[in-house]
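Reader: Could you walk me through this model, one feature at a time? I would like the general idea each time, and then the case at hand.

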Amino acid sequence: MKYFHRLSLSLFVWILFPGNGMAQTQTMAFIKAGKYKPIYGKDSALVQVNSFYMDVFPVTNAEYLSFIKDKPQWRKSKVKRIFADGNYLSTWSNDTTLSNNISMNSPVTNVSWFAANDYCRCQDKRLATLDEWEYVAMANETKADARTSDNYNKYILSWYETPKTFNNLVGKTFKNYWGVYDMHGLVWEWTSDFNSVMISGESRKDSNIDRDLFCGSGSLGASDLMNYAAFMRYAFRGSIKAKYSIQNLGFRCVKDIPAK
Amino acid sequence: MKLIPFIFILLFLASCTESETEIKDQENNSEIHSEDDLEYSEESIFNLTSHWNTEEGKTIELNQLKGKVLVMVMIYTTCKAACPRLVADMLSIAEQIPEANRKDVQYVLVSIDPVNDTPEKLKSFAIRKKMNGEEWTFLQGDVNTVQEFANVLAVKYKEISPEDFSHSNIISVFNRKGELIHQQEGLGVNNKETVETIIETSKQIQ
């Protein structure tokens, strides 16, 4: 029965998202709208997240390979430096071949924001916003918001200490409350508005909100241990540029609910 | 019934083929550029193929701005805090450029708020701020193209509420091939170096 349920779900998803090419078919999970409290901001500042669909897994090397066969401008030899730095697909031996020690079913990494953004656009999808990503990432196996659970936090922090998890296969970490895998434990992921995290003080007056995140009182405010893992992610996002290609940074796509 | 997946596949192929046409267009363009000795490098912002609306209601690509020194900044017209000062900085820079160099410099203000900043709003903002001459261009994109453009400039911004954004205050100077050659960060900072860069770079055109 469960099998049929799944089959009908994937069929349903497939009909909903005909934009997926055969080789790039990715099952998506429905994420129900809700409010969440980000690690920064005032006590009362809840952020509304609308319903959307999210890829169940990060984009794999196989899927990315299929994409660049269609879009030669994203091949390693063709990509323009303004869109990707020299580390772009650095573990691939050439335009269409992975190095021997890399699996097709590992998440694609060493891809820039520009490449990830265009990949999702080509699937008729988009990158998740930072809030959408964090909203889904709050979940453990059973709860939509597990941020107060000791195990949830220990899991993430012990992952941060584990080297080279980017070589693992997708779908081997836990399946979370929404049916999404690998939000933690495999790779970090691009978000569409990663550049909304401001560490630089140069924005002066206009950057009060983000100063809450990074200046003394702000970081003390975010003092709960439960926020430490998320704090690390925000700091990382604040430190990268869109053309960076980084070995432990991959991505997945999301899609809006079609308007009725 | 069997036809349905097939149609879907066709649809999918169609969407990616469209992008390949874009590449071909781009390649054709660069051939034209090489003819007038303006082939641009991999680092050039003219590699962006996004479309923008100007305050005059025209639709352009960035490479149509090629050939002049570009001084670019990201603002939004309902901004009360930093943007008026950024705009003042732009005006101050423009005033310091000698008459002889002025025709080779274009000032481009890109809206962070494409939803509210329509060409009409940008036009009236331009008039209000006395930035209505031909050397001033205002651009409206969409959420994704603005994000992409900001990422090229390494400008950070965040919507705090409708009509209110926090953003970094960066004025960027590009040479006539669209390569970033100078960035000034902060408000009301000494813009001497920026002005010198613009004069120096515009001299290379003559």
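**Reading the fold**

Author: Gladly! Chain B has six helices and nine strands in its secondary structure; helices (H or I, at least four residues) and strands (E, at least two) are DSSP runs, numbered from the N terminus. This is a predicted model, in which local features need pLDDT of at least 70 and side-chain atom pairs count only at pLDDT 80 or more, while totals for chains, interfaces and linings use all residues. Residues are numbered from 1 along each chain as its sequence is written, chains are lettered from A and ligands numbered from 1 in the order in which they are written, and side-chain values use heavy atoms, with hydrogens and water left out.

Reader: In what order do the seven strands of the open sheet in chain B come?

Author: Strands of a sheet pair through backbone hydrogen bonds, either parallel or antiparallel. Here two strands pair if DSSP finds at least two bridges between them. In chain B the order is β2-β1-β5-β4-β3-β8-β9, an open sheet with mixed pairing. The edges are β2 (59–61) and β9 (180–185) of chain B, each with a single partner strand, so one side of each has no neighbour in the sheet. From one strand to the next, the twist averages 30°.

Reader: How many bridges join β4 and β5 of chain B?

Author: Four bridges, in the parallel sense, between β4 (residues 105–111) and β5 (residues 136–140) of chain B. Within this pair, B:Leu109 stands opposite B:Phe138 in β5(B).

Reader: Which strands does helix α4 of chain B touch?

Author: Contact means heavy atoms within 4.5 Å. Helix α4 (residues 119–128) of chain B packs on the sheet and touches β1 (51–54), β3 (69–75), β4 and β5 of chain B; its direction makes about 150° with that of β5(B). For such angles, axes are lines fitted to C-alpha atoms, for helices over the stretch in contact, and angles run from 0 to 180 degrees between N-to-C directions. Helix α6 (residues 192–203) of chain B also packs on the sheet, touching β3, β4, β8 (170–174) and β9 of chain B, with its direction at about 160° to that of β9(B).

Reader: Where is the hairpin of β6(B) and β7(B) turned, and which residue there has a positive phi?

Author: Two residues lie between β6(B) and β7(B), and B:Glu163 in the turn has a positive phi of about 70°. Strands β6 (residues 157–161) and β7 (residues 164–167) of chain B run antiparallel and are joined by four bridges. B:Lys158 has B:Ser166 in β7(B) as its bridge partner.

Reader: Over to chain A: at what angle do α2 and α3 cross?

Author: At roughly 80°, with the axes of α2 (residues 61–70) and α3 (residues 113–122) of chain A coming within 11 Å. The two helices α2(A) and α3(A) are therefore roughly perpendicular to each other (angles under 35 degrees count as roughly parallel, over 145 as roughly antiparallel, 65 to 115 as roughly perpendicular and the rest as oblique). In α2(A), A:Glu63, A:Tyr64 and A:Phe67 meet A:Ala115, A:Asp118, A:Tyr119 and A:Cys122 in α3(A).

Reader: Which residues have the most contacts inside the largest nonpolar core?

Author: In soluble globular proteins, nonpolar side chains tend to be buried together. A nonpolar core is a set of buried Ala, Val, Leu, Ile, Met, Phe, Trp, Tyr and Cys residues joined through side-chain atoms within 4.5 Å; buried means under 20% relative accessible area, exposed over 50%, partly exposed in between (1.4 Å probe, protein chains only). The largest has 95 residues, and A:Tyr64, A:Trp74, A:Tyr88 and A:Phe251 have the most contacts inside it. Apart from that core lies another of 23 residues, including A:Ala128 and A:Val180.
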